[in-house]
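Please work through the following exercises with the sequence and the coordinates open beside the text. Each task is followed by a solution that goes step by step.

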Amino acid sequence: MAYNKKNFYLRVLEIQQLTKEHQKKGASNTYIYENMVKSHYHISKRTFDEYLGIPAERELKKIAEIRLQQPELFD
């Protein structure tokens, strides 16, 4: 089976969705990181900030397209 970053992007997307949800309620990124992300995901603030800038949905769509076009790579 070929290596891909699907699980990484799923984790990034989960963190992004959590952040968006709490930002709508008025929470700052620092508050979200300290109280919800740090202890659960065990990542640094810098990594958290970098995750927010990754286009995870787009990358997951690319992986899905490749999987449909070349299923032999994922056997």
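This is a predicted model: local features need pLDDT of at least 70, side-chain atom pairs count only at pLDDT 80 or more; totals for chains, interfaces and linings use all residues.

**Exercise 1.** Determine where in the protein confidence is lowest and where it is highest.

*Solution.* Begin with the protein as a whole, which averages a pLDDT of 92, with 93% of the residues scoring at least 70. Then turn to the individual elements: confidence is lowest in α4, at a mean of 92, and highest in helix α3 (residues 45-52), at 97.

**Exercise 2.** Describe how helix α1 and helix α4 pack, and classify their relative direction.

*Solution.* First take the geometry: helix α1 (residues 6-24) and helix α4 (residues 56-69) pack at an angle of about 150 degrees, and their axes lie 9 Å apart. Next apply the cut-off, by which angles over 145 degrees count as roughly antiparallel; α1 and α4 are therefore roughly antiparallel to each other. The crossing in which α1 passes α4 is left-handed. On the α1 side, the contact is made by Lys-6, Tyr-9, Leu-10, Val-12, Leu-13 and Gln-16, while α4 contributes Ala-56, Glu-57, Glu-59, Leu-60 and Ile-63. Sorted by class, this contact of α1 with α4 has 7 nonpolar, 1 polar and 3 charged residues.

**Exercise 3.** Decide whether Thr-19 is buried or exposed, and list what Thr-19 touches.

*Solution.* Start by locating Thr-19, which is found in helix α1. Its relative accessible area is 2%, and since buried means under 20%, Thr-19 is buried. Leaving aside residues up to four places away in sequence, Thr-19 touches Asn-29, Ile-32, Phe-48 and Leu-52. Finally, Thr-19 and Glu-65 are 46 residues apart in sequence, and their C-alpha atoms are 27 Å apart in space.

Key: Residues are numbered from 1 along each chain as its sequence is written. Side-chain values use heavy atoms; hydrogens and water are left out. Axes are lines fitted to C-alpha atoms, for helices over the stretch in contact, and angles run from 0 to 180 degrees between N-to-C directions. Helices (H or I, at least four residues) and strands (E, at least two) are DSSP runs, numbered from the N terminus. Angles under 35 degrees count as roughly parallel, over 145 as roughly antiparallel, 65 to 115 as roughly perpendicular and the rest as oblique. A crossing is left-handed if the near helix is turned anticlockwise from the far one by less than a right angle, and right-handed if clockwise. Contact means heavy atoms within 4.5 Å. Ala, Val, Leu, Ile, Met, Phe, Trp, Tyr, Cys and Pro count as nonpolar, Asp, Glu, Lys and Arg as charged, and the others, Gly among them, as polar. pLDDT is the predictor's confidence in each residue, from 0 to 100. Buried means under 20% relative accessible area, exposed over 50%, partly exposed in between (1.4 Å probe, protein chains only).
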